[in-house]
Amino acid sequence: MSDQALQEKIIEALKTVEDPDLHKNIVSLGFVKNMKVENGNVSYDVELTTPACPVKEQLKSECETKTKAIEGVASVSVNMTAVVRASEHSQPVLTGVKNIIAVASGKGGVGKSTVATNLAIALQLSGAKVGLMDADIYGPSIPLMLGIPISPPRVGENNKFFPHEKYGLKVVSAAFLTKQGQPLMLRGPMLGGIIQQFLQNVEWGELDYLIIDLPPGTGDVQLTLTQKAPISGAVVVTTPQEVSMIDADKGVKMFQQVKVPLLGIVENMSYFICDGCDKKHYIFKSGGGKTLAETFKIPFIGEIPIISEVVIGGDSGVPILLSDPQSPASVAYTHLAGQVAAQLSIQQAKEDKAEATFDLAWKE
Amino acid sequence: MDQATKVDSNHPSPKKLQQIDTSTLGITWTDGHESVYAVKMLREHCPCAHCIDEWSGEKKIKPGMIADTIRPKDIKSVGLYAIQFYWNDGHDTGLYPHELLRKLCQCEICKKA
């Protein structure tokens, strides 16, 4: 068989490989690129929409198996790549940022910042370019969790400033705007101003994902961000107890009201794994996050265990994903990052989307 | 995903805004519905805290208070959920959520319903 005929057969075979999230075959999604066939030796790229794709290995082996099964194929080399698709928006802020993910909760103390930090690290470890915005103005904790000493940001031209960098992440936090340990005492309207600065004046550069760690609640910061920032999707963090659930419920409703797509619910401090028996102990009830997700018909995208290393990682500035990648918490965060990226890809693949932004000048 | 799509269809968003004539605004929605609005009616239904008392819910705009010459100067989207009108009487504090705009639709079908 000629190489040309073989290539056509391979393409036909790859049309039976379906992306489980987007429910379309990888050929019609345009994922298959740079196919070369020489004397039966086949190589091609499969370009996914996110390096954090949770089914990357599964897709790769399916491609290899289906290609090898074709008569005349001597060898196969499948190269998995990814180019993160940008959520469409025409707002004049954060133009180099492809996707903006808000991490929120109704209630304080559920581990939002820990989840946001580890989610950012997990996405970054997958190979994506990631930024982290600490929008918790009154209680910024991201610098501590990443071990970034408090210092003023480097200033650029036109009032712009540069994010701090650590572990390959770009980080902006209100903590960098004050002296170490000094509280920022501000009334509501000032909060909006700081958030505007974070949106307009930071030299983020090119980012695949910007994670925004929101303060708890449904106030000024949340409203400014939903009005001014082109948020691609929101992740709501909760803990299993009822008291956390009633607040998370409000967080979900807020995003529904302002029409920010909900990527999913994450349950933090879900269970404790005893080092003696390896059994999962559901200390604070179980299934709360799942129930909440079912009530609102949004995906339940992760359960993070209670592990003391997560806390130690946060306090020492070395996130658990970096200190102990095999820990159950690290595995859970990697899974979460895959789910978040997959949900974003699903949102973007939706047809019949609204025009995100418009400006109509009236003619007399 | 199917569930999420369903939620969307219950909460349509504007797909296209257009000026139909000097005093009429048209909105085409994601579910295909085509709305028409007299701009004066939209000004009279401004949902902002100046126009509707935040505590009592009392409407501060009385019939006849808005001039027939009222026109928007500019209409902009706010986030993914609302539209802001900049009126020629200087008023611009009203954010009209998509849901409210859908309720205010004055097309033939909605008028009958």
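Which exposed residues does the face of α9(A) turned away from its buried side carry? The legends below, which describe a predicted model, begin with that helix.

**View 1. Helix α9 of chain A and its two faces.** Helix α9(A) spans residues 308–316, and within this helix Val310(A), Gly313(A) and Gly314(A) are buried. Seen down the axis of α9(A), these buried residues fall within an arc of 95 degrees, so they line one face of the helix. The face turned away from that buried side carries the exposed residues Ser308(A) and Asp315(A). The buried residues of α9(A) are covered by elements of chain A that include α3 (112–125), α4 (142–146), α10 (320–323) and α11. After the helix comes Gly317(A), which has a positive phi near 85 degrees.

**View 2. Strand β4 of chain A between its partners β3(A) and β5(A).** In a regular strand, side chains alternate between the two faces of the sheet. The pairing of β4(A) with β3(A), residues 32–38, is antiparallel and has five bridges, while β4(A) and β5(A), residues 75–82, run parallel and are joined by eight bridges. Together with helix α2(A), residues 56–68, the strands β4(A) and β5(A) make a right-handed β-α-β unit.

**View 3. Two residues of chain A with positive phi, Asn39(A) and Met269(A).** Most residues other than glycine have a negative phi. Asn39(A), although not a glycine, has a positive phi of about 50 degrees, and this residue is found in the loop between β3 and β4 of chain A, a hairpin with two residues between the strands. Because Asn39(A) has 9 C-beta neighbours inside 10 Å, Asn39(A) counts as exposed. Met269(A), likewise a residue other than glycine, has a positive phi near 50 degrees and is placed in the loop between β12 (262–267) and β13 (272–273) of chain A. Met269(A) is buried, since 23 other C-beta atoms lie within 10 Å.

**View 4. The largest nonpolar core and the surroundings of Leu119(A).** This core has 112 residues, and those with the most contacts inside it are Val103(A), Leu119(A), Ile211(A) and Ile212(A). Helix α11(A), residues 328–349, contributes the largest share of the core, 10 residues. At least three residues of the core come from each of domain 1 (3–82) and domain 2 (97–349) of chain A. Not counting residues up to four places away in sequence, Leu119(A) touches Val103(A), Ile211(A), Tyr333(A), Leu336(A), Ala337(A) and Val340(A).

**View 5. Val172(A) in strand β9 of chain A.** Val172(A) lies in β9(A), residues 169–173, and is buried, with 28 other C-beta atoms within 10 Å. Leaving aside neighbours within four places in sequence, Val172(A) is in contact with Met133(A), Asp134(A), Pro163(A), Phe198(A) and Val202(A).

**View 6. The contact of chain A with chain B.** Chain A supplies 20 residues to this contact and chain B supplies 23 residues. On the side of chain A that touches chain B, the elements giving two or more residues are α6 (220–228) and β16 (359–361) of chain A, and β16(A) gives the most, with three residues.

Terms used:
Residues are numbered from 1 along each chain as its sequence is written. Chains are lettered from A and ligands numbered from 1 in the order in which they are written. This is a predicted model: local features need pLDDT of at least 70, side-chain atom pairs count only at pLDDT 80 or more; totals for chains, interfaces and linings use all residues. Two strands pair if DSSP finds at least two bridges between them. Helices (H or I, at least four residues) and strands (E, at least two) are DSSP runs, numbered from the N terminus. A crossover is right-handed if, with the strands pointing away from the viewer, the path from the first strand over the helix to the second runs clockwise. A nonpolar core is a set of buried Ala, Val, Leu, Ile, Met, Phe, Trp, Tyr and Cys residues joined through C-beta atoms within 7 Å. A residue is buried if 20 or more other C-beta atoms lie within 10 Å of its own, exposed if 12 or fewer, and partly exposed in between; C-beta atoms are placed from the backbone. Domain bounds come from an automatic or database domain assignment. Two residues are in contact if their C-beta atoms, placed from the backbone, lie within 7 Å. The arc is that of the directions from the helix axis to the C-beta atoms.
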